[in-house]
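Here is a short tour of one protein chain, written to be read with the model open beside it.

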Amino acid sequence: MGTVAQEAAIDLLKSEIPVEEDESLLLSGDVNTGLVLVDIVNGFCTVGAGNLAPVAPDRQISAMVDESVKLAEVFCEKKWPIYALRDSHHPDVPEPPHPPHCITGTDESELVPALQWLENEPNVTVRCKDCIDGFIGSIEKDGSNVFVNWVKANEIKTILVVGICADICVLDFVCSVLSARNRGFLSPLKDVIVYSPGCATFDLPVQIARNIKGALPHPRELMHHIGLYMAKGRGAKVVSHISFDTTTSET
């Protein structure tokens with residue numbers, strides 16, 4: 001399928017399953033809000049950092065990092081809680097169909113340079129996860145869940161989710177959180193909000209995927225749209241713009 005035909009197909013799909021985003025979200029101290037950063041690590045975001053990292057500068061990923069940094073700075077300035085997930089795998093435990101990536105103790109599993117300062121912030125909880133789903137990856141051996149404890153300890157009513165990939169790790173996390181909320185496991189959490197400019201995914205055209213054993217085609221624009229659509233279909237809110245109270249700047 002040629003480029004023009006591909007674009008037409010994607011436009012048709014978007015018209016058939018539109019993601020109607022809430023244009024703006026206003027955040028203030030009146031509602032306890034937590035920021036969740038999903039896998040904004042070198043292994044997914046930094047050029048040449050690993051098997052699943054971009055091979056060249058990527059505008060969507062760079063924009064996602066920039067938006068995430070802006071949000072993190074405001075949340076830290078306000079001392080609002082942040083939960084930062086870092087993909088981190090044991091070398092002997094594969095995650096098919098993906099090749100080895102973000103191995104524990106390597107630079108791949110570290111937050112990108114623009115966010116590494118978060119490791120020393122008192123309002124930030126960093127969680128290394130060894131699976132796609134950050135909610136499942138937050139479960140400890142004793143059955144407790146670090147994310148659940150974070151929500152309850154901070155009395156969080158709204159979480160704002162950003163990161164990579166919109167249709168994989170972000171989506172899985174959002175879906176699990178919504179299910180847990182609906183079952184009453186995450187009180188007082190009410191709203192799960194996905195900030196679309198703060199999310200990204202990768203591009204793997206079909207013609208390249210054919211030459212990689214076990215690889216699945218992954219057209220970025222299509223899969224990013226589907227990820228947001230699925231998140232909204234599960235009960236999340238999707239927003240395209242965020243503003244804070246009058247004491248802070250807009251994002």
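## Aromatic rings in the interior

F147 is buried, with a relative accessible area of 0%; buried means under 20% relative accessible area, exposed means over 50%, and partly exposed lies in between (1.4 Å probe, protein chains only). Before going further, please note that this is a predicted model, in which local features need pLDDT of at least 70 and side-chain atom pairs count only at pLDDT 80 or more, while totals for chains, interfaces and linings use all residues. Residues are numbered from 1 along each chain as its sequence is written, and side-chain values use heavy atoms, with hydrogens and water left out.

Y83 is also a buried residue, at a relative accessible area of 0%. How do the rings of Y83 and F147 meet? Their centres are 5.3 Å apart and their planes stand at 70°, so this pair is edge-to-face. Rings of Phe, Tyr and Trp (its six-membered ring) pair if their centres lie within 6.5 Å; planes under 30 degrees apart count as stacked, over 60 as edge-to-face and the rest as tilted. The pair links distant parts of the chain, since Y83 sits in strand β3 and F147 in helix α4 (residues 146–153), 64 residues apart. Helices (H or I, at least four residues) and strands (E, at least two) are DSSP runs, numbered from the N terminus.

The structure holds 8 aromatic pairs. Another of them joins F75 and W80, with ring centres 5.1 Å apart and planes at 85°, so this pair is edge-to-face. F75 is buried at 0% relative accessible area, and W80 is buried at 13%. Ring pairs also tie Y83, F135, F147, W150 and F173 into a cluster.

Which residues touch the most other members of the largest nonpolar core? Of its 69 residues, they are V36, F147, I159, L160, F173 and V174. A nonpolar core is a set of buried Ala, Val, Leu, Ile, Met, Phe, Trp, Tyr and Cys residues joined through side-chain atoms within 4.5 Å. I159 is in contact with G34, V36, F147, W150, F173, V177, L189, D191, V192 and I193, leaving aside neighbours within four places in sequence; contact means heavy atoms within 4.5 Å.

Helix α5 covers residues 169–182, and its 14 residues reach 20 Å from first C-alpha to last, close to the 20 Å expected at 1.5 Å a residue. The expected span is 1.5 Å times one less than the number of residues. Of these 14 residues, 10 are buried, so α5 is largely enclosed by the rest of the structure. The buried residues of α5 include F173, V174 and S176. S176 has 18% relative accessibility and counts as buried; it touches D133 and F135, not counting residues up to four places away in sequence. After α5 comes G184, whose phi is positive, near 85°.

D87 is found in strand β3 (residues 82–87) and is buried, at 1% relative accessible area. Q60 lies in helix α3 (residues 59–78) and counts as partly exposed, at 22% relative accessibility.

| Side chain | Partner side chain | Distance |
|---|---|---|
| D87 | K129 | 2.9 Å |
| Q60 | R220 | 3.2 Å |

A polar contact is a pair of N or O atoms within 3.5 Å; within protein, one must be able to donate a hydrogen and the other to accept it, and residues adjacent in sequence count only if both atoms are side-chain atoms.

Not counting residues up to four places away in sequence, D87 touches D39, V41, F44, H101, C102, S109, K129 and C131.

C45 has its place in helix α2 (residues 42–45) and counts as buried, at 11% relative accessibility. Among the contacts of C45 beyond four places in sequence are D39, P54, M64 and I164.

UniProt, in an unreviewed entry, places the feature "domain: Isochorismatase-like" at residues 34–203. UniProt positions are given in the numbering used here, feature names are shortened, and annotations may be inferred rather than shown by experiment. Over residues 34–203 the chain is 27% helix and 20% strand, with its end C-alpha atoms 29 Å apart.
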